[in-house]
Amino acid sequence: MTAIEIENVWVKYGAFVAISDVMVSVPAGKMIALLGPNGSGKTTLLKVLSGLIKPSEGSVRVLEGKINDAKWKMAYVPQREEVYWDYPLTVWDLVAMGRVRAVGPFRWVDRNDPIVRGALEVVGMAELSDRRISDLSGGQQQRAFLARAIAQGGEIYLLDEPIAGLDAAAEAKLFTVLDFLRTSGKTIVMSTHDISTTLELFDYVLLLKNKPIAFGPPKSV
């Protein structure tokens with residue numbers, strides 16, 4: 001099954017072209033790295049896939065359907081710099097946000113909700129559920145956001161530079177969770193600068209410099 005089908009996608013801001021001629025078919029149940037320098041269009045492409053940005057040209061199909069029909073099946077984890085970490089949320093509060101669609105926007109998520117607890121256990125954060133997100137380390141913050149995505153129940157995970165600034169131990173913990181999701185049949189698309197990581201851990205790499213340079217297995221790319 002194809003998870004994402006990108007056909008001739010362009011994103012333009014006036015005369016500036018953020019990405020052009022992106023045409024890629026992403027198989028389901030695989031881990032795909034978006035690799036390229038700063039400003040190469042990685043974040044823009046992730047936001048197109050999540051439905052946050054509408055392409056200027058081209059189209060995106062998700063799980064063989066229209067992107068608008070599949071938004072709830074995709075979970076987007078932004079760069080840490082885009083998050084206001086001082087907001088007074090606990091880890092539990094953050095992860096419970098992933099359940100809003102299921103329980104309704106004006107209903108409290110039960111403190112014993114098994115989906116939230118299960119998501120916290122998957123990422124190894126159950127014991128920190130009462131900790132404020134502002135008090136977490138960088139790696140813990142990323143895993144908390146990943147737990148929210150898991151609680152959402154998505155099939156496709158879109159992660160923007162999740163390992164940026166993490167030490168080796170925190171990075172290893174994050175990839176352990178991502179590998180678990182992949183073996184569970186989930187599709188992961190993740191932007192990164194780390195070439196060595198892509199060679200070892202990813203199934204496919206899309207090399208970008210505002211347009212596709214190569215796509216395929218890491219070693220061939």
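Helix α1, spanning residues 42-50, is mostly covered in this predicted model: seven of its nine residues are buried. These buried residues are Lys-42, Thr-44, Leu-45, Leu-46, Val-48, Leu-49 and Ser-50. After the helix comes Gly-51, which has a positive phi near 90°.

The surroundings of α1 include a sheet. This open sheet has four strands in the order β2-β1-β4-β5, and its pairing is antiparallel. Its edge strands are β2 (16-27) and β5 (65-66), each of which pairs on one side only. Helix α1 packs on this sheet and touches β1 (2-13), β2 and β4. The direction of α1 makes about 120° with that of β1.

One point of reference is Val-9, whose bridge partner in β2 is Val-22. The two strands form a hairpin with two residues between them, and Gly-14 in the turn has a positive phi of about 65°.

A second open sheet consists of six strands in the order β6-β7-β8-β3-β9-β10, with mixed pairing. The edge strands here are β6 (74-77) and β10 (212-216), each pairing on one side only. On average, neighbouring strands of this sheet are turned by 15° against each other, direction ignored. Helix α6 (residues 168-183) packs on the sheet, where it touches β3 (31-35), β7 (156-160) and β8 (187-192). The direction of α6 makes about 150° with that of β8.

Five of its five residues are buried, so β7 is largely enclosed by the rest of the structure. In a regular strand, side chains alternate between the two faces of the sheet. Both faces of β7 are covered: Ile-156, Leu-158 and Asp-160 are buried on one side, and Tyr-157 and Leu-159 are buried on the other.

The pairing of β7 can be followed in both directions. β6 and β7 run parallel and are joined by four bridges; Met-74 has Ile-156 in β7 as its bridge partner. β7 and β8 also run parallel, joined by five bridges, and the bridge partner of Asp-160 in β8 is Ser-191. From β7 the chain crosses through α6 to β8, and this β-α-β crossover is right-handed. Elsewhere in the sheet, strand β9 (residues 204-208) and β10 run antiparallel and are joined by four bridges. Val-205 stands opposite Gly-216 in β10.

At its start, a side-chain oxygen of Asp-113 reaches to within 2.9 Å of the backbone nitrogen of Ile-115. The buried residues of α4 are Val-116, Ala-119 and Leu-120. Seen down the axis of α4, they fall within an arc of 100°, so they line one face of the helix. These buried residues pack against α2 (91-96) and α5 (138-152). On the other side of α4, Pro-114 and Glu-121 are exposed. The helix is followed by Gly-124, whose phi is positive, near 70°.

Val-122 also belongs to helix α4. Leaving aside residues up to four places away in sequence, Val-122 touches Ile-150, Val-177 and Phe-180. The C-alpha atoms of Val-122 and Leu-181 are separated by 9.3 Å, and these two residues lie 59 residues apart along the chain.

Note on methods
Residues numbered from 1 in each chain as written. Predicted model: local features only at pLDDT ≥ 70, side-chain atom pairs only at ≥ 80, totals over all residues. Heavy atoms only, no water. Pairing = 2+ DSSP bridges. Axes fitted to C-alpha atoms, helices over the stretch in contact; angles between N-to-C directions. Contact = heavy atoms within 4.5 Å. Buried < 20%, exposed > 50% of the residue type's maximum accessible area, 1.4 Å probe, protein only. Arc of directions from axis to C-beta. Polar contact = N/O pair within 3.5 Å; in protein donor to acceptor, adjacent residues only side chain to side chain. Right-handed = clockwise from strand over helix to strand, strands pointing away.
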